[in-house]
Amino acid sequence: MFLVLVLLTCIPLIMLTVVAIHNAQDQLETEIMGSNLSKIEWSGTFLDDQIQILDQILFSVMNDQSVTQFMENAQNQDEALDFTLQKNLFAILSSQNLANLNRISEITVFKKENERSYSVRNGEERVLPNPGTTAPWNSPGGRKPVYVFVPDSDQFTMYRNLYRFIDRKLVGGVALQVNWSMFDPIFKSLGSDDKSTILVLDESGNVVNIPFEGSSEAVLTTSVVKRIEQHSGEHFLKDDAHYIFYQSFADGKMTIVKMIPTSVVSASSNNTLRFGIGIVTILIIVSVTASKFIADRAVSPILKLVRAITWTEETNSDIYVGHNRKDEIGWLEQKYAQIIRSRYQIYIEKRTAQLKALQAQINPHFLHNTLQSIGAMAVIKDVPEIYHIIQAISSNLRYTMGMGNDLVTLQQEFDHVSNYLVIQKFRIKDKITVEWEIDPFAADCLIPPLTLQPIVENAFEHGFQHKRGRWIIGIRTRCDWEKLYIEITDNGTGLSPQRELELKQSLMRNIEEIIEIKESMALSNIQARIKTQFGSEYGLEIESTLHGGTQVTIVIPNTSVQGGGSNG
């Protein structure tokens, strides 16, 4: 059994390690492809920019007036003129050479008429009785420059032919000895990986430059070169040994190639595998040790708890079991201790509840009897105002004490509100006007108790608090065949649009939400009681205008005998 547990622990870890290795390989390969594809395309763009700069140097020499005059001047007609034109030519060549020393080591103009080349190399002017370079001087050129590569050289030649403007006759050419080192920043940025190899191929697939000798022994096979030529637009291919990224530049005359060994991914996978094996081994040792330790700790308290429970069942006596543990066993011990103490706790709680219920009955009855005594004294002393206010308070208290049902008649609610208004009129003399418009058939409709009075009280607490002039409370009913509408209006200060929206949103909450957050606002409590009693289609509706008063409409089922009809 123990061996099975160990296997169940280790097999998933081994599977996870294998999956992790596979995912790591895929992720690393995807990262290599993504980053190097963007790098190779970026490098091709920048290499084209550098080639364009070199081509501009050729054009600036070819289009210079001094060069044109020199090329079109017939040899030996005027030695003084020849000397002047040659001097001007060297001035142009020297200025270009000095301005681009980091790009070119030599700039040469070949004049076909006298089979001589005129060059400036590192500031030194030379006239050679032969072409003096590897440029194809006598070959007719096209609109694009010609590139000549010399094996194992740190330079290559970039050449353009010169034609006479009038008859397009070949008169010579201009050549640049370009330093491969001018591209080193681009090559270094592209070849940031220690194990990668950077190559430059000519259009025939021959390697013409290896920027960083000794970085790798990667060799392009003939088949790979053919695949590059056939899929020049894809920029990536893979063989058994390398990931190969490539990008042509210089109008397709050259291709830059980056080769990354596939062993880079394999090495990463091997590291992951070794790490996984180490983790599995450690986990096996830890799981074996922990299993034994946990088993020992788990069995002992369980047996102790079982013995205590068995003893309790057999002898019907109490045994206290310590529950200082913080785990599931400690939770069971705690529950057992709670069960042992439950009889006594239940008895105490029951007696306490009975005492509180008795106190709740005694206090209201005592207050009611006291008010009745004060009212009797007011009659004896001939103070009717005090008698009326005492009667209103006593009636309201009796109404509150006598609520034993979930529903009361609407007439009972009206009487309760009338008594409340009597008290308010006593407090605030000659300022309150109450307008009643009640459908007589609505008096027998049923409604949850204490529904109307809190709404009327809200008008005094919030609507009339800063109201000047007369305070008008309107209580009206209207009904149809199914519903009864009780409208309570005031001419108070009203609500701002924001406050009205907040109230409406609070009334739209579910009953469970109101109960859960223990909502204390009167309107929300009334809304919850109506919806609980009659259903979600009934409840409160509120409309208010700032400085224009508020109307609260109570919608309940029409349970009157006459049913329909309306009264305004």
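**Close-up 1. Helix α6 carries F275, part of a nonpolar surface patch.** Helices, meaning DSSP runs of H or I of at least four residues, and strands, meaning runs of E of at least two, are numbered from the N terminus. This is a predicted model, in which local features need pLDDT of at least 70 and side-chain atom pairs count only at pLDDT 80 or more, whereas totals for chains, interfaces and linings use all residues. Residues are numbered from 1 along each chain as its sequence is written, and side-chain values use heavy atoms, with hydrogens and water left out. F275 counts as exposed because its relative accessibility is 59%; the classes are buried under 20% relative accessible area, exposed over 50% and partly exposed in between, with a 1.4 Å probe and protein chains only. Together with I279 and L283, F275 makes a nonpolar patch of about 270 Å². Patches consist of residues with over 30% relative accessible area and no salt bridge, with nonpolar side chains (Val, Leu, Ile, Met, Phe, Trp, Tyr) joined within 5 Å and like charges within 9 Å. A salt bridge is a side-chain nitrogen of Lys or Arg within 4 Å of a carboxyl oxygen of Asp or Glu. Areas follow the Shrake-Rupley method with a 1.4 Å probe, and for residues only the protein chains shown count as cover.

**Close-up 2. T262 lies in the loop between β11 (254–261) and α6 (263–315).** T262 is buried because its relative accessible area is 16%. Leaving aside residues up to four places away in sequence, T262 touches K238, D239, D240, A241, H242 and Y243, a contact being heavy atoms within 4.5 Å.

**Close-up 3. Strand β7 (residues 197–202) is mostly covered, with 6 of its 6 residues buried.** T197, L199 and L201 point one way from β7, while I198, V200 and D202 point the other way. β7 pairs with β11 in the antiparallel sense over 6 bridges, where strands count as paired if DSSP finds at least two bridges between them. The bridge partner of I198 in β11 is K258. Strand β8 (residues 207–209) also runs antiparallel to β7, joined by 2 bridges, and N209 in β8 is the bridge partner of V200. The hairpin of β7 and β8 has 4 residues between the strands, and G205 takes a positive phi near 90° there.

**Close-up 4. Helix α9 (residues 410–427) has 18 residues and includes K425.** From first C-alpha to last, α9 reaches 26 Å, close to the 26 Å expected at 1.5 Å a residue; the expected span is 1.5 Å times one less than the number of residues. Among the buried residues of α9 are L410, F414, V417, L421 and I423. K425 counts as partly exposed because its relative accessibility is 40%. K425 touches I432 and V434, not counting residues up to four places away in sequence. K425 and I389 are 36 residues apart in sequence, with C-alpha atoms 9.5 Å apart.

**Close-up 5. Helix α3 (residues 79–99) contains F83.** F83 counts as exposed because its relative accessibility is 59%. F83 and F70 are separated by 13 residues in sequence and by 9.8 Å in space, C-alpha to C-alpha.
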